[in-house]
Amino acid sequence: MTPQEFLLQTEDEIAISLAQQAKILRINANMTQSEFSKKAGIAYATYGQFERTGKISLNGFLKVLRHLGRLKSVSSLLSVDDIEILGIAQYSKLQKMKHRQRAK
């Protein structure tokens with residue numbers, strides 16, 4: 001799947017796609033759903049539902065990623081660089097100035 005195709009998917013489609021990828025990685029690790037869910041500390045039914053529907057809590061998804069050896073890549077998803085920090089600081093300063101209008 002190309003990045004453009006990925007961006008055109010709905011959130012539900014992305015969730016199912018991620019669940020399918022997790023399933024492939026689990027199978028490549030030669031683990032059953034039961035073995036994997038026990039190792040990850042997730043209820044068997046919860047993990048099975050995730051692989052079928054893509055629906056799982058964020059904490060559950062992080063446990064899945066940790067036990068698939070993919071948790072490290074999550075840290076860069078919401079990283080903020082210096083330019084963005086500067087932009088946020090300037091935006092905050094403008095917002096404060098807007099709220100400090102004096103009476104005439």
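Analyst: Arg26 lies in helix H2, which covers residues 11–28. Please keep in mind throughout that this is a predicted model. Is Arg26 buried or exposed? Its relative accessibility is 6%, and because buried means under 20% relative accessible area, Arg26 counts as buried. As background for the whole chain, 19% of the 104 residues of the protein count as buried.

Which residues does Arg26 touch, once its neighbours within four places in sequence are left aside? Arg26 is in contact with Met31, Thr32, Gln33, Phe36, Tyr47, Glu51 and Leu68. Several of these names return below, where the helices are taken in pairs.

Two packed helices are described by the angle between their axes and the distance between the axes. For H2 and H4 the angle is about 120° and the axes are 7 Å apart, which makes H2 oblique to H4. On the H2 side of this contact stand Ile16, Leu18, Ala19, Ala22, Lys23 and Arg26, and they meet Tyr47, Phe50, Glu51 and Thr53 in H4. Sorted by class, the residues of the contact of H2 with H4 are 6 nonpolar, 1 polar and 3 charged. Tyr47 and Glu51, which belong to the H4 side of this contact, are also among the residues that Arg26 touches.

Next comes helix H3 (residues 33–40), whose axis comes within 9 Å of the axis of H4 (residues 44–53), the two crossing at roughly 115°. The crossing in which H3 passes H4 is right-handed. Here Gln33, Ser34, Phe36 and Ser37 of H3 make the contact with Tyr47, Tyr44, Gly48 and Glu51 of H4. By class, these residues divide into 3 nonpolar, 4 polar and 1 charged. Gln33 and Phe36 on the H3 side, together with Tyr47 and Glu51 on the H4 side, take part in this contact, and these four residues are also listed among the contacts of Arg26.

H3 has a further partner in helix H5 (residues 58–67), with which it packs at an angle of about 105°, the axes being 9 Å apart. That angle makes H3 roughly perpendicular to H5. Phe36, Lys39 and Ala40 of H3 make this contact with Lys63, Val64 and His67 of H5, and the residues involved comprise 3 nonpolar, 1 polar and 2 charged. Phe36, which contributes to the contact with H5, is one of the residues that touch Arg26.

Between H2 and H3 there is a loop, and Asn30 has its place there. Whereas Arg26 is buried at 6% relative accessibility, Asn30 is exposed, with a relative accessible area of 68%. The phi angle of Asn30 is near 60°, a positive value in a residue other than glycine.

Elsewhere in H2 one finds Ile14, which touches Phe6 and Gln9 when residues up to four places away in sequence are not counted. The C-alpha atoms of Ile14 and Gly54 are separated by 8.1 Å, although these two residues are 40 residues apart along the chain.

Stepping back to the whole protein, there are 6 helices and 0 strands. Among contacts between residues at least 6 apart in sequence, 41% join residues at least 24 apart. The protein exposes about 8500 Å², of which carbon and sulfur atoms supply 57%.

Note on methods: Residues are numbered from 1 along each chain as its sequence is written. This is a predicted model: local features need pLDDT of at least 70, side-chain atom pairs count only at pLDDT 80 or more; totals for chains, interfaces and linings use all residues. Side-chain values use heavy atoms; hydrogens and water are left out. Axes are lines fitted to C-alpha atoms, for helices over the stretch in contact, and angles run from 0 to 180 degrees between N-to-C directions. Helices (H or I, at least four residues) and strands (E, at least two) are DSSP runs, numbered from the N terminus. A crossing is left-handed if the near helix is turned anticlockwise from the far one by less than a right angle, and right-handed if clockwise. Contact means heavy atoms within 4.5 Å. Ala, Val, Leu, Ile, Met, Phe, Trp, Tyr, Cys and Pro count as nonpolar, Asp, Glu, Lys and Arg as charged, and the others, Gly among them, as polar. Buried means under 20% relative accessible area, exposed over 50%, partly exposed in between (1.4 Å probe, protein chains only). Accessible areas come from the Shrake-Rupley method with a 1.4 Å probe; for residues, only the protein chains shown count as cover. Angles under 35 degrees count as roughly parallel, over 145 as roughly antiparallel, 65 to 115 as roughly perpendicular and the rest as oblique.
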